[in-house]
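Reader: I am new to this structure. Please take me through one part of it closely, and show me how that part sits in the whole.

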Amino acid sequence: MATNLQKSPPIVANISINFGLISAIASPTLWAFYTILIKQVSFSPCYLTICVRILAVLTLLLIIFALRGKFAELINLGRKPEICRSLIASGGAYLLHLAVFYPAILLNYQKVASAGMFFCTIATAFLSYFILKEPLNRQKKQALGLGMIAIALFASQVITDPLSLFFLVSIGLTFALVIIARKSAAKQINNSITLVTLETLLLPAPLAVFSLNIMPAFSSTVFELNLGQWLLLLLVSLVSLIPILLQAEAVNPRWNVPTTTIGIFNLLSPTGQFLIATLMFQQTATFGQWFAIFLLIFALIRYNLSPNQK
């Protein structure tokens, strides 16, 4: 007699290939290459580079909204307290992330910044588990455990002083908080440009306070930059909008990409940064560092091939 009690085959992580998943892969990949551009504007103090980047991106986004005639939508969404809370959290974390990431790159801590973004992947997975209540089955937890071992191995080889430890932890934790907060905001904002615009609108106020305290020490540099340097600084700032929008699109609920998966794909950013630091900036890579990278990539593959159900 025929029976329906046959064992069903194991279900591999059923994350469909869509624009959200592509964005989750493209964003960290572009961020890896963006470190090359940061080096090109090393003539500018970090505070000035961050200020120009935020103001240039905000100006472009507002122009886009003006052309689309969507200012009313922007204002209505900005009035919702729950959205504001999420965006204040993501914007604040993002500003802190920039404040530590840029100096790390310019002070030749590229590998420490890379280790920080490795740490971000694990922090994102655990924060999404505890805060967003996204499930982690046994196999995924094992993959994350393997990733933690690899990150600890990599960190032990690149931490040389208290500053490098500070960069590693702060870079990873701040960007993990950005991802979690944006994921929360994206539940009510289904457009990545709208999300990033509202988030960026909240940044000029703390940026102004920061600038008023820092600018007097560097004010002479502002007037020493020539037109070519200002244009390059502006171009580098505007280019950063591409991975920002892609990251915001990746966390959009309509694509159904788990936050833990987004966090794991962020491994592409530090892996790329490590390769750039080694191949382009001629920083020495040890066997232990390469081995840690291999373990992390293996953990990424294992994590994403694990079933989604508990």
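Author: Helices and strands here are DSSP runs, numbered from the N terminus; a helix needs at least four residues. Read that way, the chain runs α-α-α-α-α-α-α-α-α-α-α-α-α-α along its sequence. That is 14 helices and 0 strands. The model is a predicted one.

Now the whole chain. It has 310 residues, and 51% of them count as buried. Among contacts with a separation of 6 or more, 88% join residues 24 or more positions apart.

The buried residues include Ser269, Pro270, Thr271, Gly272 and Gln273. Phe274, Ile276, Ala277 and Thr278 are buried too.

Helix 1 covers residues 19-40. Its 22 residues should span 32 Å, and its end C-alpha atoms are 31 Å apart, which agrees. Helix 1 bends by about 30° at Phe33. At its start, a side-chain oxygen of Asn18 reaches to within 3.0 Å of the backbone nitrogen of Gly20.

The axes of helix 10 and helix 11 come within 5 Å and cross at roughly 15°. That makes helix 10 roughly parallel to helix 11. Ser237, Leu238 and Val239 of helix 10 make the contact with Leu241, Ile242 and Pro243 of helix 11.

Conventions: Residues are numbered from 1 along each chain as its sequence is written. This is a predicted model: local features need pLDDT of at least 70, side-chain atom pairs count only at pLDDT 80 or more; totals for chains, interfaces and linings use all residues. Side-chain values use heavy atoms; hydrogens and water are left out. Buried means under 20% relative accessible area, exposed over 50%, partly exposed in between (1.4 Å probe, protein chains only). Helices (H or I, at least four residues) and strands (E, at least two) are DSSP runs, numbered from the N terminus. The expected span of a helix is 1.5 Å times one less than its number of residues. The bend at a residue is the angle between axes fitted to the seven residues ending there and the seven starting there. A polar contact is a pair of N or O atoms within 3.5 Å; within protein, one must be able to donate a hydrogen and the other to accept it, and residues adjacent in sequence count only if both atoms are side-chain atoms. Axes are lines fitted to C-alpha atoms, for helices over the stretch in contact, and angles run from 0 to 180 degrees between N-to-C directions. Angles under 35 degrees count as roughly parallel, over 145 as roughly antiparallel, 65 to 115 as roughly perpendicular and the rest as oblique. Contact means heavy atoms within 4.5 Å.
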